[in-house]
Amino acid sequence: MFENHNYQKSLDEEIFESWLEKVRNRNLGYNYLLVVWNMQEEDFKPVYLDHRDQIDDYKTIIDSQEVLIAAYDIYSESRIYIE
C-alpha cells in the first residue's frame, strides 16, 4: 500500500489489516485509524482516534518527523479524504 508515494518502503497489507483487527477484536472504542509515516524511523505507524474531528486536530499537532498519509473508518474500512 502507498507505493506511489516517496517513502522508502510500502505498507504491507497484512500489517494494515492487523492494525484494523487489533481494534475490532479488543473493542477499544476507537473508530478511526490514521496511517502515519515516521521519517526518522522510515516506517509506517498506526494512530487510533475516537472521533472524526480529531483527525484535523491531529494534523495540527503532528510531530515534524511525521507525515499523515491516510485516514480510515475502522469498521467500514472506507478511506477518509484528508486535505
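Glu77 lies in the loop between β3 and β4; strands here are DSSP runs (E, at least two residues), helices are runs of H or I of at least four residues, and both are numbered from the N terminus. The phi angle of Glu77 is near 60°, a positive value in a residue other than glycine. Glu77 is partly exposed, at 38% relative accessibility; buried means under 20% relative accessible area, exposed over 50%, and partly exposed in between (1.4 Å probe, protein chains only). The model is predicted: local features need pLDDT of at least 70, side-chain atom pairs count only at pLDDT 80 or more, and totals for chains, interfaces and linings use all residues. Residues are numbered from 1 along each chain as its sequence is written, and side-chain values use heavy atoms, with hydrogens and water left out.

Glu42 also has a positive phi, near 50°, in a residue other than glycine. Glu42 sits in the loop between β1 and β2. Its relative accessible area is 42%, so Glu42 is partly exposed.

The sheet is open and has 4 strands. Their order is β2-β1-β3-β4, with antiparallel pairing; two strands pair if DSSP finds at least two bridges between them. The edges are held by β2 (43–49) and β4 (79–80). Each has a single partner strand, so one side of each lacks a neighbour in the sheet. Helix α1 (residues 13–26) packs on the sheet and touches β1, β2 and β3 (66–73); contact means heavy atoms within 4.5 Å. The direction of α1 makes about 25° with that of β2; axes are lines fitted to C-alpha atoms, for helices over the stretch in contact, and angles run from 0 to 180 degrees between N-to-C directions. Strand β1 (residues 32–38) runs antiparallel to β2, and 7 bridges join the two. Leu34 stands opposite Val47 in β2.

Glu66 belongs to strand β3. Glu66 is buried, at 11% relative accessibility. Its side chain makes a polar contact of 2.5 Å with the side chain of Lys45. A polar contact is a pair of N or O atoms within 3.5 Å; within protein, one must be able to donate a hydrogen and the other to accept it, and residues adjacent in sequence count only if both atoms are side-chain atoms. The side chains of Glu66 and Tyr58 form another polar contact, at 3.3 Å. Beyond four places in sequence, the contacts of Glu66 include Val36, Trp37, Asn38 and Met39.

The whole structure holds 3 aromatic pairs. One of them joins Trp37 and Phe44 edge-to-face, at 4.8 Å centre to centre with 65° between the planes. Rings of Phe, Tyr and Trp (its six-membered ring) pair if their centres lie within 6.5 Å; planes under 30 degrees apart count as stacked, over 60 as edge-to-face and the rest as tilted. Trp37 is buried at 4% relative accessibility, and Phe44 is buried at 6%.
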